[in-house]
Amino acid sequence: MKIVICSDAAQTRRLAAQVLAQQVKSKPTSVLGLATGRTMEAIYAQLAETAQQQALDFSRVTTFNLDEYIGLKADHPQSYRYYMQTHLFQRINIPAANTHVPDGAAADVEAEAQSYEGRISQAGGIDLQLLGLGENGHIGFNEPLSALNSRTHVVTLAQATLKQNAGMFNNDMEQVPARALTMGTGTILDAREALLVVTGAAKADIVARVIEGPVSALVPGSALQLHPHCLVLLDEAAASRLTQREAILWQMQHDPELRTFLSA
């Protein structure tokens with residue numbers, strides 16, 4: 001892992017958008033793995049603004065989202081397809097046919113999971129996977145005790161995840177779908193590069209376990225320690241429980257790749 005501790009959440013989001021934009025510039029046919037959530041909204045807003053200012057071309061980019069609630073149609077306001085349309089796709093010049101989100105309304109969700117995994121493979125795999133982190137350590141909807149080599153699959157959401165997402169459903173946990181389709185942890189690890197973005201003090205404890213703890217199915221995000229090219233962007237609050245903070249700051253100052261990245 002290469003870890004960057006940013007001064008605040010705004011810098012974290014700006015750098016994340018910068019990584020995505022640079023990926024599209026350097027490879028116009030990029031396959032991007034995308035995530036949803038509150039942190040991502042600001043990242044996508046920044047990316048869309050950058051695309052407009054720099055005439056960034058998404059016409060040959062392909063995207064695959066991490067997950068989708070089972071039971072929600074694409075036009076449901078809380079579906080992740082609707083989220084992506086609102087926050088990114090309608091703001092950039094990406095063809096609709098190039099955007100992929102699991103179909104949570106599929107008649108056979110198990111078959112949809114297999115099909116989705118196949119579509120990722122047919123696209124040549126994911127070049128850059130954007131990730132957030134759940135308070136229980138999940139990446140995508142891979143909950144604690146999910147197999148670390150899992151592929152796209154159906155998952156029953158943990159109670160902690162239902163509580164965390166209830167705010168998007170009028171704080172009514174009974175409205176939050178109990179199951180979802182998600183890329184597996186193994187699918188995520190197959191991405192050529194991974195970008196994990198975490199902000200806020202509420203995530204500080206789990207960030208420390210993901211980065212400094214043992215690799216464990218109890219903390220799915222810890223599997224990213226095994227990824228050969230994973231960049232982690234944290235704000236000060238999210239990094240506050242790291243015991244190796246000084247070593248991380250030293251690396252930021254002396255690693256040529258990180259110095260170039262931070263000075264861009």
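Modeller: M40, E41 and Y44 in α2 meet Y83, M84 and H87 in α3. Contact here means heavy atoms within 4.5 Å. Helices are DSSP runs of H or I, at least four residues, and strands are runs of E, at least two, numbered from the N terminus.

Biologist: How do the contact residues of α2 with α3 divide by class?

Modeller: There are 4 nonpolar, 1 polar and 1 charged. Ala, Val, Leu, Ile, Met, Phe, Trp, Tyr, Cys and Pro count as nonpolar, Asp, Glu, Lys and Arg as charged, and the others, Gly among them, as polar.

Biologist: And at what angle do α2 and α3 pack?

Modeller: About 30°, with the axes 10 Å apart. Axes are lines fitted to C-alpha atoms, for helices over the stretch in contact, and angles run from 0 to 180 degrees between N-to-C directions.

Biologist: Before we go on, what is this model based on, and how are things numbered?

Modeller: It is a predicted model, where local features need pLDDT of at least 70 and side-chain atom pairs count only at pLDDT 80 or more, while totals for chains, interfaces and linings use all residues. Residues are numbered from 1 along each chain as its sequence is written, and side-chain values use heavy atoms, with hydrogens and water left out.

Biologist: Good. How many aromatic pairs are in the whole structure?

Modeller: A search finds 6. One of them is Y44 with Y83, an edge-to-face pair at 6.5 Å centre to centre and 70° between the planes. Rings of Phe, Tyr and Trp (its six-membered ring) pair if their centres lie within 6.5 Å; planes under 30 degrees apart count as stacked, over 60 as edge-to-face and the rest as tilted.

Biologist: Where do Y44 and Y83 sit in the chain?

Modeller: Y44 is in helix α2 and Y83 in helix α3 (residues 80-87). They are 39 residues apart, so the pair links distant parts of the chain.

Biologist: What about α1 and α2: how do their axes cross?

Modeller: Helix α1 (residues 9-26) and helix α2 (residues 38-54) cross at roughly 50°, and their axes come within 8 Å. They are therefore oblique to each other. Angles under 35 degrees count as roughly parallel, over 145 as roughly antiparallel, 65 to 115 as roughly perpendicular and the rest as oblique.

Biologist: Which residues make that contact?

Modeller: α1 gives R13, R14, A16, A17, L20, A21 and K25. α2 gives T39, A42, I43, Q46, L47, T50 and Q54. By class, that is 7 nonpolar, 4 polar and 3 charged residues.

Biologist: Switching to sheets. What is the strand order in the sheet of 7 strands?

Modeller: β1-β10-β9-β6-β2-β3-β5, open, with parallel pairing. Two strands pair if DSSP finds at least two bridges between them. The edge strands are β1 (2-6) and β5 (99-100), each pairing on one side only.

Biologist: Which helices pack on it?

Modeller: α1 is one of them, touching β1, β2 (31-34), β6, β9 and β10 (230-235), and its direction makes about 155° with that of β10. Helix α7 (residues 204-212) lies across β1, β9 and β10, also running at about 155° to β10.

Biologist: And the sheet of 3 strands: what is its order?

Modeller: β4-β8-β7, open, with antiparallel pairing. β4 (67-69) and β7 (153-156) are the edge strands. The twist averages 25° from one strand to the next. Helix α4 (residues 109-122) packs on this sheet, touching β7 and β8.

Biologist: Last one. How do α8 and α9 pack?

Modeller: Helix α8 (residues 245-254) and helix α9 (residues 256-263) pack at about 75°, with axes 5 Å apart. They are therefore roughly perpendicular to each other. Q251, M252, Q253 and H254 in α8 meet P256, L258, R259 and L262 in α9.
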